[in-house]
Amino acid sequence: MLERTVRYGDLLDMIYVDGKGQISKRRIKVLQIGEVSFRAYCHMRETNRTFTIDNVLALVPVVRKERMVI
């Protein structure tokens, strides 16, 4: 899923646990994937961040619904 989001620029909602055990929900745009971590723009912090892949608890694609005009 991470590789697809880099290719297409999709947004993800992520549940993440940091090194101190704090759990947070973040909306991210993945920029680069490494062996054990990835770089992403974090909308919560409004900056690029590095996340450890093993600390990701859940990833869900953000689905944008188009409005129908009648």
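Where is the place of Thr 5? Select Thr 5 and you land in helix H1, residues 2–8. Helices are DSSP runs of H or I with at least four residues, strands are runs of E with at least two, and both are numbered from the N terminus.

**Before you go on**

This is a predicted model, where local features need pLDDT of at least 70 and side-chain atom pairs count only at pLDDT 80 or more, while totals for chains, interfaces and linings use all residues. Residues are numbered from 1 along each chain as its sequence is written, and side-chain values use heavy atoms, with hydrogens and water left out.

**Stop 1: the whole chain**

Show the cartoon. Along the sequence they follow the pattern α-β-β-β-β-β. Along the principal axes, the C-alpha atoms fill a box of roughly 50 × 25 × 20 Å.

The accessible surface comes to about 5600 Å², and 48% of it belongs to carbon and sulfur atoms. Such areas come from the Shrake-Rupley method with a 1.4 Å probe; for residues, only the protein chains shown count as cover. Of the 70 residues, 24% are buried. Buried means under 20% relative accessible area, exposed means over 50%, and partly exposed lies in between (1.4 Å probe, protein chains only).

**Stop 2: Thr 5**

Go back to Thr 5 in helix H1. Its relative accessibility is 3%, so Thr 5 counts as buried. Show what surrounds the residue. Beyond residues up to four places away in sequence, Thr 5 touches Asp 10, Leu 12 and Val 30. Contact means heavy atoms within 4.5 Å.

**Stop 3: the largest core**

Select Leu 2, Leu 12, Met 14, Tyr 16, Ile 28, Val 30, Phe 38, Ala 40, Cys 42, Phe 51 and Val 56. These 11 residues make up the largest nonpolar core. Strand S1 (11–17), strand S2 (23–33) and strand S3 (37–42) each supply at least two residues of this core. A nonpolar core is a set of buried Ala, Val, Leu, Ile, Met, Phe, Trp, Tyr and Cys residues joined through side-chain atoms within 4.5 Å. In soluble globular proteins, nonpolar side chains tend to be buried together.

Pick Val 56 from the set. Leaving out residues up to four places away in sequence, Val 56 touches Met 14, Ile 15, Tyr 16 and Phe 38.

**Stop 4: the rings**

How many aromatic pairs does a search of the whole structure find? The search finds two. Rings of Phe, Tyr and Trp (its six-membered ring) pair if their centres lie within 6.5 Å; planes under 30 degrees apart count as stacked, over 60 as edge-to-face, and the rest as tilted.

Show Tyr 16 and Phe 51. Their pair is edge-to-face, at 5.0 Å centre to centre and 75 degrees between the planes. Tyr 16 lies in strand S1 and Phe 51 in strand S4 (residues 47–52), so the pair ties together parts that are 35 residues apart in sequence. Both Tyr 16 and Phe 51 are buried.

Phe 38 and Phe 51 form a tilted pair, with 5.5 Å centre to centre and 35 degrees between the planes. This pair links distant parts of the chain, with Phe 38 in strand S3 and Phe 51 in strand S4, 13 residues apart. Phe 38 is buried too. Ring pairs link Tyr 16, Phe 38 and Phe 51 into a cluster.

**Stop 5: Ile 15**

Move to Ile 15 in strand S1. Is Ile 15 buried or partly exposed? Ile 15 has a relative accessible area of 29%, so the residue is partly exposed. Its contacts, not counting residues up to four places away in sequence, are Ile 23, Ser 24, Lys 25, Asn 55, Val 56, Leu 57 and Ala 58. Ile 53 is 38 residues from Ile 15 in sequence and 11 Å away in space, C-alpha to C-alpha.

**Stop 6: two loops**

Select Glu 35 in the loop between S2 and S3. Glu 35 counts as exposed because its relative accessibility is 81%.

Next, find Glu 46 in the loop between S3 and S4. Glu 46 is exposed, at 62% relative accessibility. Check the backbone: Glu 46 has a positive phi of about 55 degrees, although it is not a glycine.

**Last stop: Val 62**

Finish at Val 62, in the segment after strand S5 (56–61). Val 62 counts as partly exposed, at 22% relative accessibility. Leaving aside neighbours within four places in sequence, Val 62 is in contact with Leu 11, Leu 12, Asp 13 and Arg 27.
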